Amino acid sequence: MIDFIVSLLLIGGAIFALLGAIGVVRYPDVLLRMHAATKIGTLATGLIMLGVAIYFLDGATTVRAVAIVLFLLLTAPIAAHMMGRAAVNTGVEFLKGPAHEAQDPDDPDKHG
C-alpha cells in the first residue's frame, strides 16, 4: 500500500513538473512564465519530497525532505519577486488584455 501511495505522489509530482515546464515554454508573458516556474515547481517538488519521506520512513531523510520543501516555500516567492522586478526594470513588454487574444493578433475571427 505504501508503494502505491509513493508511486502516486511521485507520478503526481512528475506531472506537475511537466505542466510547469510546458507553461514556461507556452505562456506569452514574463509574469505568466514566472508563475508557472515558481508555483508549479514548488508543488511538484513538495509532492516528490513527500513521496521520498514516505518511502524511506527514516528520520534523517524525512527531516531533509521537509527542509527542502521549507526552503523552496521560503525562497520561491522571493525569487519570483526578483524576477518580476528585473523584468520591470529592464523594460520588458507585458501582455495587455486576455492571454487568448495575444496568441494570434491577425486572426480575423477574433472577438472584441
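**Overall arrangement**

Among contacts in the chain between residues at least 6 apart in sequence, 64% join residues at least 24 apart; contact here means heavy atoms within 4.5 Å. Please note that this is a predicted model, in which local features need pLDDT of at least 70 and side-chain atom pairs count only at pLDDT 80 or more, while totals for chains, interfaces and linings use all residues. Residues are numbered from 1 along each chain as its sequence is written, and side-chain values use heavy atoms, with hydrogens and water left out.

The chain has four helices and zero strands, where helices (H or I, at least four residues) and strands (E, at least two) are DSSP runs numbered from the N terminus. The order of elements from the N terminus is therefore written α-α-α-α. Of the 112 residues in the chain, 20% are buried. Buried means under 20% relative accessible area, exposed means over 50%, and partly exposed lies in between, with a 1.4 Å probe and protein chains only.

Two packed helices are described by the angle between their axes and the distance between the axes. Axes are lines fitted to C-alpha atoms, for helices over the stretch in contact, and angles run from 0 to 180 degrees between N-to-C directions.

What lies in the loop between helix 1 and helix 2? Asp29 has its place there, and Asp29 is buried, with a relative accessible area of 6%. Leaving aside neighbours within four places in sequence, Asp29 is in contact with Glu93, Phe94 and Leu95. From Asp29 to Leu95 the C-alpha distance is 5.7 Å, although 66 residues separate them in sequence.

**Helix 2 and helix 3**

Helix 3 spans residues 59-89; its axis and that of helix 2 come within 9 Å and cross at roughly 175 degrees. Helix 2 and helix 3 are therefore roughly antiparallel as well. Their contact residues divide into 16 nonpolar, seven polar and no charged.

One place in this contact deserves attention. Thr38, in helix 2, counts as buried at 8% relative accessibility. The side chain of Thr38 reaches the backbone oxygen of Met34 at 3.0 Å. Beyond neighbours within four places in sequence, Thr38 is in contact with Ala76, Ala80 and Met83.

Ala80 belongs to helix 3 and is buried, with a relative accessible area of 10%. Ala80 touches Met34 and Thr38, not counting residues up to four places away in sequence.

Finally, is Leu57 buried or exposed? Leu57, found in the loop between helix 2 and helix 3, counts as exposed at 62% relative accessibility. Its phi is near 50 degrees, a positive value in a residue other than glycine. Most residues other than glycine have a negative phi.

Note on methods:
A polar contact is a pair of N or O atoms within 3.5 Å; within protein, one must be able to donate a hydrogen and the other to accept it, and residues adjacent in sequence count only if both atoms are side-chain atoms. Angles under 35 degrees count as roughly parallel, over 145 as roughly antiparallel, 65 to 115 as roughly perpendicular and the rest as oblique. Ala, Val, Leu, Ile, Met, Phe, Trp, Tyr, Cys and Pro count as nonpolar, Asp, Glu, Lys and Arg as charged, and the others, Gly among them, as polar.
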